[in-house]
Amino acid sequence: MARDILKTLKAEHDALRELFAELKETTDRGIKKREGLLEEIEASLLPHAKWEEQVFYPAFQERADRDGQQTYAEALTEHHAVENSVIPEVHAAEPGTPEFAGRTKVFGEFIEHHAREEEKTMFRMARELFTSEERAQLDEHYEAWKQSDAAANLIAAEKAKAGIRGAVKSLTH
Ligand SMILES: [Fe+2]
Ligand SMILES: [Fe+2]
C-alpha cells in the first residue's frame, strides 16, 4: 500500500486516543503508571505537533482556500492553547492527585477535539489539495525528520519549557 502522510497522522491520533483512555482508568494511587503514560503521550504528541506546525500546516496553508485558511488558524490556535496552557498546568500537578486526573482529562478532551477537527476538516481538504505522490513524499519527510537532531532539539526545548512553567506555577499556587 502506498504511503500517505494523512494515514500516518491519523494512526498517531488513534494511538494518542488509546493512551488517554488508559490514563483515564488510572487512580490517584497509580503514580508510576500515570507518569509513564504521560511520558508516552508527550513522546508521541510533541514530534507530531511540531512537524505539523513546521511542515504540514504551512504546506496546507499555501494551497488552502478561505475556509482552509480558517481551518489552519483554528488548528494552530489549538496547538498553542495545549502548549502554553494545558501542558504546563498538567506538569504543575502532582500525579497522585485529583488535580492531575482533572487536568489530564481536559488535556485528553482538547486532543480529541483537535484530532477530530483535523481528520474531518483539514485532512479531508488536504486529500484534494495534495496528490498521492505528494502525500507519500510528506510521509517520508516526516519519518526522516523524526530521527533528526533538529527534531530532538525542538522536543527537548518544548519539554524544558513545560517543566519550567510547571515549576513556576507550583510555587505560586
Ligand atoms: Fe494538530
Ligand atoms: Fe494531528
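The axes are lines fitted to C-alpha atoms over the stretch in contact, with angles from 0 to 180 degrees between N-to-C directions. And helices are DSSP runs (H or I, at least four residues), numbered from the N terminus.

Quick housekeeping. What you see is a predicted model, where local features need pLDDT of at least 70, side-chain atom pairs count only at pLDDT 80 or more, and totals for chains, interfaces and linings use all residues. Residues are numbered from 1 along each chain as its sequence is written, and chains are lettered from A and ligands numbered from 1 in the order in which they are written.

So, first pair. Helix α2, residues 31-63, and helix α3, residues 66-91, have axes that come within 10 Å and cross at roughly 165°. That's why α2 and α3 are roughly antiparallel to each other. Their crossing is left-handed, that is, the near helix is turned anticlockwise from the far one by less than a right angle. On the α2 side the contact includes Tyr 57 and Phe 60, and on the α3 side Tyr 72 and Ala 75; contact here means C-beta atoms, placed from the backbone, within 7 Å.

Now α3 with α4. Again the axes come within 10 Å and cross at roughly 165°, which makes α3 roughly antiparallel to α4. This crossing is left-handed too. Among the residues that meet are Ala 75 and Val 86 in α3, and Phe 107 and Met 122 in α4.

On to the inside. The largest nonpolar core has 12 residues, including Tyr 57, Phe 60, Ala 75 and Met 122. A core is a set of buried Ala, Val, Leu, Ile, Met, Phe, Trp, Tyr and Cys residues joined through C-beta atoms within 7 Å, and buried means 20 or more other C-beta atoms within 10 Å, exposed 12 or fewer, partly exposed in between. Helices α1 (5-24), α2, α4 (98-129) and α5 (132-146) each supply at least two residues, and α2 gives the most, with 4. Leu 138 touches Ile 5 and Phe 56, leaving out residues up to four places away in sequence.

Last stop, Ala 21, in helix α1. Buried or exposed? Exposed, because Ala 21 has 11 C-beta neighbours inside 10 Å. Its C-alpha is separated by 9.2 Å from that of Lys 105, 84 residues apart along the chain.

Key. Angles under 35 degrees count as roughly parallel, over 145 as roughly antiparallel, 65 to 115 as roughly perpendicular and the rest as oblique. Two residues are in contact if their C-beta atoms, placed from the backbone, lie within 7 Å.
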